[in-house]
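Hello,

Here is the structure I said I would pass on. My notes on the ligand and the core follow below it.

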Amino acid sequence: MKAIRVHNFGAPEVMIIEDVHDPMPGIGEVMVRLHAAGVNPVDTYIRSGLYPSKPILPFTPGMDGAGIVESIGQGVKRFAPGDRVYVAGTISGSYAEKALCRESQVHNLPQKLSFAQGASLGVPYGAAYRALFQKAKSVPGEVVLVHGASGGVGIAAVQLARAAGLHVIGTAGTEKGRALVREQGAHHVIDHYAPDHMEQILKLSGGRGVDVILEILANVNLGKDLGILAQNGRVVVIGSRGTVEIDPRHAMMRDASIYGMVLMNASECEMFIIHSAIEAGLENGSLSPVVGREFPLHEAARSHHEIMESKAYGKLVLIP
Ligand code: NAP
């Protein structure tokens, strides 16, 4: 089969397409023929060698994908060859024609969703669900700010929050992105580059402040986030690309909490809860990933440039 391989950490161009042996499922493993693979920012950090946990070289990047179960190992109970599935995590990497997964990493993909949509679920919807419900413990009626709502995680968060009865404020940096965030269910949409955007958000909350902030770029926004929180507000740091100065008094005055999170820290039980909720949302139609751009598998390097350098519009996927 064809797979993207990384032999040395470095720039996107270290990713090359090669012929490799098909993976064979062992006990409790499922082999999926992939029709799409999701591209996530974390894939670029890992490829560059800057991520704290490094895979052994050479490796195939990618955590998310969707396709058809081709074969199963001994002891696999939930899947059979021919099943339509999405994968959230793999053993062998998802930038490939086939991926080997643990049974717990494989989930049903309803017929009404495309494979590209299925490949957009694992990391973005997993992170958004964990941030909203397992960290912030958001409840219906609260006001949530999705600070960076036009990308993979942001769109997932808007859909999940709206379906759960939260009042949703989303931000995006382009008119196209803001239109998308509005379409996906945000009650209000703000430009995060407007110099007064924090004041606009405070005003939208009637001056009370927001209960929950999902922060996509904490190194830019965290200091100001604390100033627009309601009493007992919570900020969940999902993304950050540097350091930031905060005034802890803003948090003290509000009994506020700042949570950090990385989806990879979720336990097996928490992941089971996350994907049970996602599968339910796919079935009832409240969750439906937006695929912004598709690239052929051999253009993996281009997709890494794109995800780090372009304005966001939903999800970016590779098609093997
Ligand atoms: P993405 O699809 O590239 O989206 C990036 C988002 O950041 C866009 O909505 C973009 O908006 C927004 N943004 C840019 N400048 C901003 C600003 N000044 N203030 C607020 N938002 C801003 O990436 P993604 O997949 O959604 O991931 C987003 C971040 O979360 C990445 O850093 C990723 O590494 C991290 N992440 C963490 C976890 C975890 O487990 N902790 C899981 C998934 C992702 P515009 O382009 O419209 O300006």
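**The ligand and its surroundings**

The shell around the ligand has 27 residues, and those that come nearest are Tyr45, Ser150, His192, Met261 and Leu263. Please keep in mind that this is a predicted model.

A backbone N or O atom of Leu263 is 2.7 Å from an oxygen atom of the ligand. Val153 also uses its backbone: one of its polar backbone atoms lies 2.9 Å from a ligand oxygen atom. With Asn221 it is a polar side-chain atom, 2.9 Å from a nitrogen atom of the ligand.

On its own the ligand has 930 Å² of accessible area, and the protein covers 89% of this. The elements that each give two or more residues to the shell are α1 (41-48), α3 (122-135) and α4 (152-163). Sorted by class, the shell has 16 nonpolar residues, nine polar ones and two charged ones.

Where does the ligand lie relative to domain 1 and domain 2? Domain 1 (2-121 + 289-319) and domain 2 (124-264) both give residues to the shell, so the ligand lies between them.

**The nonpolar core**

The largest nonpolar core has 45 residues. Tyr86, Tyr125, Val144, Val181, Leu214 and Ile278 have the most contacts inside it. Helix α4 gives the largest share of this core, seven residues. Because domain 1 and domain 2 both give residues to this core, it too lies between them.

Regards

Note on methods: Residues numbered from 1 in each chain as written. Predicted model: local features only at pLDDT ≥ 70, side-chain atom pairs only at ≥ 80, totals over all residues. Heavy atoms only, no water. Near = heavy atom within 4 Å. Polar contact = N/O pair within 3.5 Å; in protein donor to acceptor, adjacent residues only side chain to side chain. Areas by Shrake-Rupley, 256 points an atom, 1.4 Å probe, with all protein chains shown as cover. Helix = DSSP H or I, 4+ residues; strand = E, 2+ residues; numbered from the N terminus. Nonpolar A, V, L, I, M, F, W, Y, C, P; charged D, E, K, R; others polar. Domains from an automatic or database assignment. Core = buried A, V, L, I, M, F, W, Y, C linked by side-chain atoms within 4.5 Å. Buried < 20%, exposed > 50% of the residue type's maximum accessible area, 1.4 Å probe, protein only.
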